[in-house]
2 protein chains.
Amino acid sequence: MSHTLINGQFADTIPFDDRGLAYGDGLFETFALQGGNILFRERHLARLQRGARRLMIDLDMAATNAELDLLSAQWGSDRAVLKLIVTRGSSGRGYGIDPLAPARRIVTVATVADYPASYYRSGIELALCQTPLAIAPLLAGIKHLNRLEQVLARAELTARQQEGLLLDSEGWVVEGSFSNLFLVKDHCLLTPLLDRCGVAGIAREVIIEQALAAGIAVLQQRVSLAEVMEADALFMNNSLIEAWPVRQFNGRQFDSVAWAARARQWLLMAGEAA
Amino acid sequence: MSHTLINGQFADTIPFDDRGLAYGDGLFETFALQGGNILFRERHLARLQRGARRLMIDLDMAATNAELDLLSAQWGSDRAVLKLIVTRGSSGRGYGIDPLAPARRIVTVATVADYPASYYRSGIELALCQTPLAIAPLLAGIKHLNRLEQVLARAELTARQQEGLLLDSEGWVVEGSFSNLFLVKDHCLLTPLLDRCGVAGIAREVIIEQALAAGIAVLQQRVSLAEVMEADALFMNNSLIEAWPVRQFNGRQFDSVAWAARARQWLLMAGEAA
């Protein structure tokens with residue numbers, strides 16, 4: 001049984017002249033699939049559409065939705081990860097785009113191993129990456145396919161480190177290589193502004209909303225490394241890991257388990273309500 | 001007759017889980033093929049290897065060379081463009097890399113239309129692009145697959161404009177969307193430093209060497225827009241266009257034909273000598 005749909009057809013390959021391959025000219029989304037439900041589907045698709053508008057990619061949302069439905073129904077109730085890649089499709093040589101060219105959709109589903117319980121119970125070790133994130137406001141926030149910075153940052157981690165923190169080229173703290181960061185300070189949440197680089201995560205968006213609803217102040221602003229070092233707690237989040245407490249970062253120990261558990265609870269509640 | 005080799009086999013598709021598609025995790029080169037010869041082959045392959053080292057991609061150069069030989073021999077003597085894409089191959093989910101994973105090589109050859117003679121005889125109109133190039137020293141100079149900035153810049157050109165000039169996020173002049181820039185001032189050449197962003201073009205490298213050999217001073221430095229506006233002549237260059245004189249840029253007329261013709265002559269001479 002194949003688990004990949006390419007423009008609605010079961011297939012495992014794409015044409016070599018796809019612009020996603022040639023230029024990273026496209027977008028992606030990674031959804032958690034649980035009990036047959038695609039968690040935070042509308043939020044993911046809203047981000048995808050923001051990205052498509054930014055990149056001027058003409059995406060057929062009805063077809064996209066039908067393909068997500070088909071693959072998730074076929075998969076059944078086991079926990080899985082559903083990945084959607086949208087590219088500007090095939091083209092001849094050169095960067096020039098045809099605004100009428102149809103996008104190519106690649107949807108695939110795969111089992112996802114449970115993360116070790118210790119990550120949630122005791123926390124993770126977070127590396128401080130040397131790879132800087134370039135400041136690129138036009139591409140900030142959206143989940144495009146130009147991900148060499150994340151690949152290079154991820155390659156810096158040692159075997160004992162589960163995630164790495166990236167700074168922008170001016171030294172401001174931005175995000176993890178595959179997750180967003182929250183700091184806790186004096187019972188308030190703080191998370192880096194993502195107006196110049198970084199991916200605006202769906203879990204991050206949900207956590208901000210749920211914290212505010214619970215009467216907790218949330219600040220989005222430039223965050224310095226010194227502020228991270230002085231935080232009361234740190235946790236990393238995305239749609240699949242939910243929220244990982246940080247136990248160790250840059251030579252300091254943190255006690256982040258309770259706050260990460262709270263964020264995880266918010267994600268669970270919001271996911272059930274959706 | 002197929003004109004695409006993927007890891008040495010004639011084929012037209014790649015697996016959907018290729019990391020070039022997923023993350024732009026790879027490199028490319030575009031060679032001019034003329035009379036059965038791959039122009040500046042060694043220089044292109046040297047840049048490719050610099051890129052592969054920077055990205056920690058394990059590339060089989062013997063296989064790469066054999067595939068370039070096979071496709072160019074099959075093509076014959078017509079003028080063509082040979083494109084080589086190298087990706088980190090397939091992998092499971094996530095940014096993590098396997099340093100032992102073999103790269104995937106995609107080599108394809110296609111006819112290339114002659115550019116209009118007027119471009120060389122009268123010059124082109126150069127746009128001033130609003131899309132900034134992010135400052136990313138780790139990725140500067142090499143020809144990687146993260147090219148969304150070039151795609152967005154190219155999309156800014158009107159039908160009358162043949163190329164666009166890109167500035168970095170601090171406002172320094174860097175390059176064209178698919179070519180490098182030279183300024184002529186007081187019989188000296190000036191070209192932007194590419195230590196923080198931009199692609200170090202092969203034609204650029206050859207022009208610098210040939211100019212120096214001809215006793216002409218060449219400066220590589222930060223270049224301001226004001227310096228461009230005050231230049232005596234401007235030309236754009238890459239392996240396929242060779243050198244295009246700029247006739248019009250940002251409201252000013254330039255008389256660049258003689259200098260571009262000279263650069264083109266240098267490329268021709270160096271290509272024959274190689």
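**Labels and the numbers behind them**

Reply: Happy to, and bear in mind that this is a predicted model. Let's start with Leu59(A), which sits in the loop between helix H2 (41–55) and helix H3 (61–75) of chain A.

Me: What makes Leu59(A) buried or exposed?

Reply: Count the C-beta atoms around it: Leu59(A) has 21 others within 10 Å. The cut-off for buried is 20 or more, so Leu59(A) counts as buried.

Me: Which residues does Leu59(A) touch, leaving out those up to four places away in sequence?

Reply: Leu59(A) touches Ala52(A), Thr64(A), Val86(A) and Ala103(A).

Me: Thr64(A) belongs to the buried residues of H3(A). What are the others?

Reply: Besides Thr64(A), the buried residues of H3(A) are Glu67(A), Leu68(A), Leu71(A) and Ser72(A).

Me: How do you know that they line one face of the helix?

Reply: Look down the axis of H3(A): its buried residues fall within an arc of 120°, so one face is what they line.

Me: What is on the face turned away, and what does the buried side of H3(A) pack against?

Reply: The face turned away carries the exposed residues Ala62(A), Asp69(A) and Ala73(A). The buried residues of H3(A) pack against strands E1 (4–6), E4 (26–34), E5 (37–38), E6 (80–87) and E7 (104–111) of chain A. Just after H3(A) comes Gly76(A), with a positive phi of about 90°.

Me: Over to chain B. How do you know that the length of H3(B) agrees with what a helix should span?

Reply: H3(B) has 15 residues, and at 1.5 Å a residue they should span 21 Å. The end C-alpha atoms of H3(B) are 21 Å apart, so the two values agree. Just after H3(B), Gly76(B) has a positive phi of about 95°.

Me: Why are the two copies said to be related as by a two-fold rotation axis?

Reply: Chain B superposes on chain A by a rotation of 180°, with 0.0 Å of shift along the axis and an RMSD of 0.0 Å. The copies are thus related as by a two-fold rotation axis. In chain B, the C-alpha nearest that axis belongs to Leu21(B), 2.0 Å from it.

Me: What makes you say the copies meet through the same surface?

Reply: Of the interface residues of chain B, 100% are also interface residues in chain A, so the same surface is used. Each chain's share of the contact is 43 residues from chain B and 43 residues from chain A. H5(B) gives the most to chain B's side, with five residues. By class, that side has 24 nonpolar, 13 polar and six charged residues.

Me: Why do strand E3 (residues 13–15) of chain A and E3(B) count as paired?

Reply: Pairing needs at least two bridges between the strands. E3(A) and E3(B) are joined by three bridges and run antiparallel, so they pass. The bridge partner of Ile14(A) in E3(B) is Ile14(B).

How values were computed:
Residues numbered from 1 in each chain as written. Chains lettered and ligands numbered in written order. Predicted model: local features only at pLDDT ≥ 70, side-chain atom pairs only at ≥ 80, totals over all residues. Least-squares fit on C-alpha atoms with pLDDT ≥ 70 in both. Contact = placed C-beta atoms within 7 Å. Helix = DSSP H or I, 4+ residues; strand = E, 2+ residues; numbered from the N terminus. Nonpolar A, V, L, I, M, F, W, Y, C, P; charged D, E, K, R; others polar. Expected span 1.5 Å × (residues − 1). Buried ≥ 20, exposed ≤ 12 C-beta atoms within 10 Å, placed from the backbone. Arc of directions from axis to C-beta.
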